[in-house]
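I opened my notebook to look at how two chains sit against each other. Here is what I looked up, in the order I did it.

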Number of protein chains: 2
Amino acid sequence: MRNLPLEKVYRQIEPGPVVLLTTARDGRANVMTLSWHMMVEFTPPLIACIVSDANFSHAALRKTGECVVAIPAAHLAEKVVRMGNCSGRDVDKFASIGLTPKPAQCVVAPLIAECAVNIECQVADKSMASRYCLFVLEAVKAWFDPKQRDAKTLHHRGFGQFAVDGEMIELKSDKP
Amino acid sequence: MRNLPLEKVYRQIEPGPVVLLTTARDGRANVMTLSWHMMVEFTPPLIACIVSDANFSHAALRKTGECVVAIPAAHLAEKVVRMGNCSGRDVDKFASIGLTPKPAQCVVAPLIAECAVNIECQVADKSMASRYCLFVLEAVKAWFDPKQRDAKTLHHRGFGQFAVDGEMIELKSDKP
(Lines give C-alpha, C1' and ligand atoms only; values in the text may rest on other atoms or scores of the structure.)
Protein backbone atom coordinates (compact mmCIF):
# COMPACT_ATOMS: atom_id res chain seq x y z
CA MET A 1 0.00 0.00 0.00
CA ARG A 2 1.19 3.48 -0.83
CA ASN A 3 0.64 6.85 0.82
CA LEU A 4 -2.58 8.65 -0.17
CA PRO A 5 -2.15 12.39 0.51
CA LEU A 6 -4.66 13.53 3.12
CA GLU A 7 -5.96 16.32 0.87
CA LYS A 8 -7.18 13.62 -1.53
CA VAL A 9 -9.20 11.70 1.05
CA TYR A 10 -12.44 13.56 0.24
CA ARG A 11 -12.30 12.30 -3.35
CA GLN A 12 -12.68 8.76 -2.01
CA ILE A 13 -15.45 9.45 0.52
CA GLU A 14 -17.55 12.07 -1.29
CA PRO A 15 -18.82 9.63 -3.97
CA GLY A 16 -20.62 7.70 -1.22
CA PRO A 17 -19.15 4.19 -1.40
CA VAL A 18 -19.90 1.41 1.05
CA VAL A 19 -16.99 1.41 3.50
CA LEU A 20 -15.74 -0.97 6.15
CA LEU A 21 -14.91 0.36 9.60
CA THR A 22 -12.38 -1.45 11.73
CA THR A 23 -11.81 -1.02 15.43
CA ALA A 24 -9.61 -2.77 17.99
CA ARG A 25 -10.35 -3.11 21.67
CA ASP A 26 -8.59 -5.18 24.31
CA GLY A 27 -6.51 -6.86 21.62
CA ARG A 28 -9.53 -7.86 19.56
CA ALA A 29 -10.13 -6.41 16.11
CA ASN A 30 -13.59 -6.01 14.61
CA VAL A 31 -15.02 -4.74 11.35
CA MET A 32 -18.44 -3.53 10.22
CA THR A 33 -20.03 -2.21 7.01
CA LEU A 34 -21.07 1.42 6.86
CA SER A 35 -22.87 3.57 4.31
CA TRP A 36 -24.02 6.43 6.51
CA HIS A 37 -21.00 8.69 6.24
CA MET A 38 -20.09 12.03 4.66
CA MET A 39 -17.23 14.49 4.37
CA VAL A 40 -17.38 17.41 6.81
CA GLU A 41 -14.17 19.33 6.05
CA PHE A 42 -11.33 19.22 3.51
CA THR A 43 -8.42 20.22 5.80
CA PRO A 44 -7.90 18.53 8.08
CA PRO A 45 -10.08 15.89 6.46
CA LEU A 46 -13.08 15.30 8.71
CA ILE A 47 -15.54 12.48 8.06
CA ALA A 48 -18.85 12.11 9.89
CA CYS A 49 -20.42 8.68 10.29
CA ILE A 50 -23.34 7.09 12.08
CA VAL A 51 -22.45 3.96 14.04
CA SER A 52 -25.57 2.67 15.75
CA ASP A 53 -25.24 1.72 19.40
CA ALA A 54 -26.76 -1.60 18.34
CA ASN A 55 -23.40 -2.26 16.62
CA PHE A 56 -20.62 -3.88 18.59
CA SER A 57 -18.24 -1.28 17.09
CA HIS A 58 -20.02 1.66 18.73
CA ALA A 59 -18.55 1.04 22.18
CA ALA A 60 -15.09 0.33 20.77
CA LEU A 61 -15.15 3.58 18.82
CA ARG A 62 -16.20 5.53 21.91
CA LYS A 63 -13.66 3.88 24.17
CA THR A 64 -10.58 3.80 21.92
CA GLY A 65 -11.27 6.93 19.86
CA GLU A 66 -9.72 5.28 16.82
CA CYS A 67 -10.72 3.39 13.69
CA VAL A 68 -9.85 2.68 10.09
CA VAL A 69 -12.23 3.47 7.24
CA ALA A 70 -11.48 1.06 4.39
CA ILE A 71 -13.01 1.11 0.91
CA PRO A 72 -13.70 -2.26 -0.74
CA ALA A 73 -13.91 -2.65 -4.51
CA ALA A 74 -16.97 -4.29 -6.03
CA HIS A 75 -15.40 -7.77 -6.21
CA LEU A 76 -15.68 -7.90 -2.40
CA ALA A 77 -19.49 -7.44 -2.48
CA GLU A 78 -20.27 -10.89 -1.15
CA LYS A 79 -17.92 -10.47 1.83
CA VAL A 80 -19.42 -7.03 2.49
CA VAL A 81 -22.90 -8.54 2.73
CA ARG A 82 -21.78 -11.41 4.94
CA MET A 83 -20.06 -8.92 7.21
CA GLY A 84 -23.23 -6.87 7.54
CA ASN A 85 -25.22 -9.89 8.60
CA CYS A 86 -23.19 -11.05 11.60
CA SER A 87 -21.85 -9.38 14.73
CA GLY A 88 -18.38 -9.07 16.19
CA ARG A 89 -20.00 -9.99 19.49
CA ASP A 90 -20.27 -13.56 18.25
CA VAL A 91 -17.45 -14.14 15.76
CA ASP A 92 -14.02 -12.99 14.63
CA LYS A 93 -15.27 -11.46 11.41
CA PHE A 94 -11.83 -11.13 9.82
CA ALA A 95 -11.23 -14.87 10.12
CA SER A 96 -14.73 -16.09 9.39
CA ILE A 97 -15.22 -13.88 6.33
CA GLY A 98 -11.68 -14.11 5.04
CA LEU A 99 -10.24 -10.62 5.23
CA THR A 100 -6.67 -9.85 6.24
CA PRO A 101 -5.95 -7.34 9.03
CA LYS A 102 -2.68 -5.42 8.64
CA PRO A 103 -1.00 -3.14 11.18
CA ALA A 104 -1.76 0.55 10.71
CA GLN A 105 0.75 3.32 11.33
CA CYS A 106 -1.06 5.77 13.63
CA VAL A 107 -3.88 3.73 15.16
CA VAL A 108 -4.29 0.32 16.77
CA ALA A 109 -7.28 -0.59 14.58
CA PRO A 110 -6.11 -2.64 11.59
CA LEU A 111 -6.00 -1.82 7.89
CA ILE A 112 -7.69 -4.32 5.57
CA ALA A 113 -5.21 -5.73 3.05
CA GLU A 114 -7.87 -6.48 0.41
CA CYS A 115 -9.30 -2.94 0.31
CA ALA A 116 -8.46 -0.36 -2.37
CA VAL A 117 -8.14 2.47 0.15
CA ASN A 118 -7.53 2.57 3.92
CA ILE A 119 -7.93 5.72 6.01
CA GLU A 120 -6.60 5.79 9.58
CA CYS A 121 -8.83 7.97 11.73
CA GLN A 122 -9.05 9.43 15.20
CA VAL A 123 -12.38 10.40 16.71
CA ALA A 124 -12.35 14.21 16.69
CA ASP A 125 -15.80 14.77 18.19
CA LYS A 126 -18.15 12.38 19.93
CA SER A 127 -20.46 15.02 21.37
CA MET A 128 -23.23 13.86 19.01
CA ALA A 129 -22.71 10.15 19.73
CA SER A 130 -25.45 9.93 22.32
CA ARG A 131 -28.08 11.87 20.41
CA TYR A 132 -27.46 10.65 16.85
CA CYS A 133 -24.74 7.95 17.15
CA LEU A 134 -22.76 10.45 15.08
CA PHE A 135 -18.97 10.49 15.27
CA VAL A 136 -16.71 13.05 13.60
CA LEU A 137 -13.47 11.36 12.53
CA GLU A 138 -10.24 13.03 11.53
CA ALA A 139 -8.19 11.25 8.87
CA VAL A 140 -4.60 11.16 10.09
CA LYS A 141 -3.01 8.82 7.54
CA ALA A 142 -4.27 7.26 4.33
CA TRP A 143 -3.21 4.52 1.95
CA PHE A 144 -4.14 3.25 -1.48
CA ASP A 145 -3.42 -0.01 -3.25
CA PRO A 146 -1.69 0.83 -6.56
CA LYS A 147 -3.07 -2.42 -8.05
CA GLN A 148 -6.61 -1.16 -7.41
CA ARG A 149 -6.13 2.39 -8.62
CA ASP A 150 -9.34 2.40 -10.69
CA ALA A 151 -11.42 0.33 -8.29
CA LYS A 152 -15.16 0.33 -8.91
CA THR A 153 -16.92 0.81 -5.59
CA LEU A 154 -20.30 -0.25 -4.21
CA HIS A 155 -23.27 1.98 -3.37
CA HIS A 156 -25.84 0.34 -1.11
CA ARG A 157 -29.54 0.70 -1.91
CA GLY A 158 -30.81 -1.48 0.93
CA PHE A 159 -31.30 -5.22 1.43
CA GLY A 160 -28.17 -6.33 -0.43
CA GLN A 161 -28.85 -4.31 -3.57
CA PHE A 162 -25.85 -2.34 -4.77
CA ALA A 163 -25.09 -0.04 -7.68
CA VAL A 164 -21.52 -0.51 -8.89
CA ASP A 165 -19.61 2.44 -10.38
CA GLY A 166 -20.10 2.44 -14.14
CA GLU A 167 -19.31 5.05 -16.76
CA MET A 168 -17.07 7.95 -15.74
CA ILE A 169 -18.02 11.47 -16.80
CA GLU A 170 -15.45 14.28 -16.86
CA LEU A 171 -16.76 17.82 -17.14
CA LYS A 172 -14.79 21.03 -16.81
CA SER A 173 -15.17 22.33 -13.27
CA ASP A 174 -13.10 24.38 -10.87
CA LYS A 175 -15.02 23.00 -7.90
CA PRO A 176 -13.12 20.55 -5.71
CA MET B 1 -44.64 13.06 -9.53
CA ARG B 2 -45.90 10.35 -7.23
CA ASN B 3 -45.67 9.84 -3.49
CA LEU B 4 -42.48 8.17 -2.26
CA PRO B 5 -43.14 6.62 1.17
CA LEU B 6 -40.94 8.24 3.80
CA GLU B 7 -39.58 4.88 4.95
CA LYS B 8 -37.99 4.47 1.50
CA VAL B 9 -36.15 7.79 1.55
CA TYR B 10 -32.95 6.24 2.91
CA ARG B 11 -32.68 3.98 -0.14
CA GLN B 12 -32.26 7.09 -2.28
CA ILE B 13 -29.77 8.92 -0.04
CA GLU B 14 -27.65 6.05 1.31
CA PRO B 15 -26.02 5.27 -2.09
CA GLY B 16 -24.39 8.72 -1.97
CA PRO B 17 -25.66 10.48 -5.11
CA VAL B 18 -25.01 14.09 -5.95
CA VAL B 19 -28.13 15.98 -4.86
CA LEU B 20 -29.49 19.45 -5.46
CA LEU B 21 -30.69 21.48 -2.51
CA THR B 22 -33.32 24.15 -3.06
CA THR B 23 -34.24 26.94 -0.67
CA ALA B 24 -36.58 29.94 -0.90
CA ARG B 25 -36.18 33.19 0.95
CA ASP B 26 -38.06 36.46 0.55
CA GLY B 27 -39.80 35.10 -2.53
CA ARG B 28 -36.58 34.07 -4.22
CA ALA B 29 -35.70 30.45 -4.90
CA ASN B 30 -32.16 29.15 -5.09
CA VAL B 31 -30.50 25.81 -5.74
CA MET B 32 -27.05 24.37 -5.06
CA THR B 33 -25.25 21.06 -5.61
CA LEU B 34 -24.37 18.94 -2.60
CA SER B 35 -22.46 15.72 -2.10
CA TRP B 36 -21.65 15.98 1.60
CA HIS B 37 -24.74 14.33 3.03
CA MET B 38 -25.67 11.10 4.83
CA MET B 39 -28.60 9.34 6.44
CA VAL B 40 -28.80 9.71 10.22
CA GLU B 41 -32.01 7.85 11.09
CA PHE B 42 -34.61 5.66 9.34
CA THR B 43 -37.75 6.85 11.16
CA PRO B 44 -38.41 9.69 10.99
CA PRO B 45 -35.95 9.93 8.10
CA LEU B 46 -33.15 12.25 9.14
CA ILE B 47 -30.52 13.43 6.67
CA ALA B 48 -27.38 15.31 7.69
CA CYS B 49 -25.69 17.65 5.24
CA ILE B 50 -22.87 20.16 5.19
CA VAL B 51 -23.77 23.50 3.63
CA SER B 52 -20.76 25.79 3.79
CA ASP B 53 -21.38 29.31 5.02
CA ALA B 54 -19.61 30.38 1.82
CA ASN B 55 -22.75 29.16 0.01
CA PHE B 56 -25.64 31.58 -0.48
CA SER B 57 -27.99 28.77 0.61
CA HIS B 58 -26.51 28.54 4.11
CA ALA B 59 -28.25 31.69 5.38
CA ALA B 60 -31.54 30.74 3.70
CA LEU B 61 -31.45 27.31 5.31
CA ARG B 62 -30.77 28.81 8.73
CA LYS B 63 -33.43 31.47 8.41
CA THR B 64 -36.28 29.51 6.80
CA GLY B 65 -35.57 26.08 8.30
CA GLU B 66 -36.75 24.43 5.10
CA CYS B 67 -35.38 22.98 1.88
CA VAL B 68 -35.89 20.35 -0.80
CA VAL B 69 -33.30 17.66 -1.52
CA ALA B 70 -33.66 16.65 -5.16
CA ILE B 71 -31.83 13.82 -6.92
CA PRO B 72 -30.84 14.39 -10.55
CA ALA B 73 -30.26 11.52 -12.97
CA ALA B 74 -27.00 11.33 -14.89
CA HIS B 75 -28.37 13.07 -18.01
CA LEU B 76 -28.44 16.29 -15.95
CA ALA B 77 -24.66 16.16 -15.26
CA GLU B 78 -23.85 19.24 -17.31
CA LYS B 79 -26.47 21.33 -15.52
CA VAL B 80 -25.21 20.03 -12.17
CA VAL B 81 -21.70 21.23 -12.95
CA ARG B 82 -22.86 24.64 -14.20
CA MET B 83 -24.91 25.01 -11.02
CA GLY B 84 -21.90 24.26 -8.86
CA ASN B 85 -19.85 26.95 -10.59
CA CYS B 86 -22.09 29.98 -10.07
CA SER B 87 -23.80 31.55 -7.05
CA GLY B 88 -27.41 32.42 -6.31
CA ARG B 89 -26.04 35.73 -5.08
CA ASP B 90 -25.49 36.72 -8.70
CA VAL B 91 -28.03 34.87 -10.82
CA ASP B 92 -31.40 33.13 -10.81
CA LYS B 93 -29.94 29.67 -11.23
CA PHE B 94 -33.24 28.01 -12.16
CA ALA B 95 -33.68 30.33 -15.13
CA SER B 96 -30.07 30.58 -16.22
CA ILE B 97 -29.40 26.84 -16.06
CA GLY B 98 -32.79 25.74 -17.29
CA LEU B 99 -34.42 23.86 -14.43
CA THR B 100 -38.11 24.09 -13.57
CA PRO B 101 -39.18 24.94 -10.01
CA LYS B 102 -42.48 23.38 -8.94
CA PRO B 103 -44.50 24.11 -5.80
CA ALA B 104 -43.88 21.68 -2.95
CA GLN B 105 -46.57 20.50 -0.53
CA CYS B 106 -45.11 21.10 2.93
CA VAL B 107 -42.33 23.66 2.36
CA VAL B 108 -41.91 26.93 0.48
CA ALA B 109 -38.67 25.78 -1.21
CA PRO B 110 -39.48 24.39 -4.67
CA LEU B 111 -39.29 20.90 -6.09
CA ILE B 112 -37.27 20.46 -9.29
CA ALA B 113 -39.45 19.07 -12.08
CA GLU B 114 -36.53 17.44 -13.94
CA CYS B 115 -35.27 15.43 -10.93
CA ALA B 116 -35.98 11.73 -10.38
CA VAL B 117 -36.66 12.19 -6.66
CA ASN B 118 -37.62 15.22 -4.54
CA ILE B 119 -37.57 15.19 -0.74
CA GLU B 120 -39.22 18.02 1.18
CA CYS B 121 -37.30 18.68 4.40
CA GLN B 122 -37.47 20.72 7.55
CA VAL B 123 -34.34 21.59 9.51
CA ALA B 124 -34.56 19.42 12.63
CA ASP B 125 -31.29 20.50 14.25
CA LYS B 126 -28.99 23.40 13.45
CA SER B 127 -26.97 23.21 16.66
CA MET B 128 -23.93 22.05 14.64
CA ALA B 129 -24.33 24.70 11.92
CA SER B 130 -21.84 27.11 13.44
CA ARG B 131 -19.16 24.57 14.21
CA TYR B 132 -19.40 22.28 11.16
CA CYS B 133 -21.97 23.93 8.85
CA LEU B 134 -23.87 20.72 9.59
CA PHE B 135 -27.66 20.66 9.38
CA VAL B 136 -29.88 17.73 10.34
CA LEU B 137 -32.92 17.64 8.06
CA GLU B 138 -36.12 15.73 8.58
CA ALA B 139 -37.82 14.45 5.44
CA VAL B 140 -41.51 15.32 5.73
CA LYS B 141 -42.76 14.46 2.23
CA ALA B 142 -41.12 12.76 -0.74
CA TRP B 143 -41.83 12.28 -4.44
CA PHE B 144 -40.53 10.20 -7.31
CA ASP B 145 -40.94 10.55 -11.05
CA PRO B 146 -42.40 7.27 -12.38
CA LYS B 147 -40.73 7.93 -15.75
CA GLN B 148 -37.33 7.92 -14.03
CA ARG B 149 -37.87 4.92 -11.82
CA ASP B 150 -34.50 3.36 -12.67
CA ALA B 151 -32.55 6.60 -12.85
CA LYS B 152 -28.77 6.27 -12.85
CA THR B 153 -27.34 8.80 -10.43
CA LEU B 154 -24.05 10.70 -10.24
CA HIS B 155 -21.28 10.29 -7.66
CA HIS B 156 -18.84 13.20 -7.51
CA ARG B 157 -15.11 12.52 -7.32
CA GLY B 158 -14.01 16.14 -7.40
CA PHE B 159 -13.38 18.69 -10.17
CA GLY B 160 -16.27 17.64 -12.41
CA GLN B 161 -15.41 13.94 -12.43
CA PHE B 162 -18.39 11.69 -11.75
CA ALA B 163 -18.98 7.96 -11.56
CA VAL B 164 -22.40 7.05 -12.95
CA ASP B 165 -24.30 4.09 -11.51
CA GLY B 166 -23.48 1.01 -13.58
CA GLU B 167 -24.15 -2.67 -12.95
CA MET B 168 -26.63 -3.56 -10.22
CA ILE B 169 -25.75 -6.38 -7.80
CA GLU B 170 -28.43 -8.15 -5.75
CA LEU B 171 -27.26 -10.32 -2.87
CA LYS B 172 -29.38 -11.94 -0.23
CA SER B 173 -29.41 -9.75 2.88
CA ASP B 174 -31.81 -9.01 5.70
CA LYS B 175 -30.10 -5.69 6.39
CA PRO B 176 -32.08 -2.59 5.44
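**Notes on the A/B interface**

I started with contacts, meaning heavy atoms within 4.5 Å: 54 residues of chain A are in contact with 54 residues of chain B. Ground rules for myself: this is a predicted model, where local features need pLDDT of at least 70 and side-chain atom pairs count only at pLDDT 80 or more, while totals for chains, interfaces and linings use all residues. Side-chain values use heavy atoms, without hydrogens and water, residues are numbered from 1 along each chain as its sequence is written, and chains are lettered from A and ligands numbered from 1 in the order in which they are written.

**Buried area**

Next I checked the accessible area (1.4 Å probe) that the two parts lose on being put together, summed over both. About 5100 Å² is buried between chain A and chain B, and carbon and sulfur atoms give 56% of that. On the chain A side, A:W36, A:R157 and A:F159 lose the most area to chain B, together 16% of what that side buries.

**Symmetry**

I superposed the copies by least squares on the C-alpha atoms of residues with pLDDT of at least 70 in both. A rotation of 180 degrees, with 0.0 Å of shift along its axis, puts chain A on chain B with an RMSD of 0.0 Å. The two copies are therefore related as by a two-fold rotation axis. Both copies use the same surface, since 100% of the contact residues of chain A recur in chain B.

**Salt bridges**

How many salt bridges does the rule find across the interface of chain A and chain B? I counted a side-chain nitrogen of Lys or Arg within 4 Å of a carboxyl oxygen of Asp or Glu, and got four across this interface. The count over all chains also comes to four. One links A:R157 and B:D165, at 2.8 Å from N to O. In another, B:R131 pairs with A:D125, with the closest N and O atoms 3.5 Å apart. That pair runs from helix 5 (residues 129–132) of chain B to strand 9 (residues 117–125) of chain A; helices (H or I, at least four residues) and strands (E, at least two) are DSSP runs, numbered from the N terminus.

**Strand 12**

Last, I followed strand 12 of chain A across to strand 12 (residues 161–170) of chain B: the two run antiparallel and are joined by seven bridges. Strands pair if DSSP finds at least two bridges between them. Here A:Q161 stands opposite B:E170.
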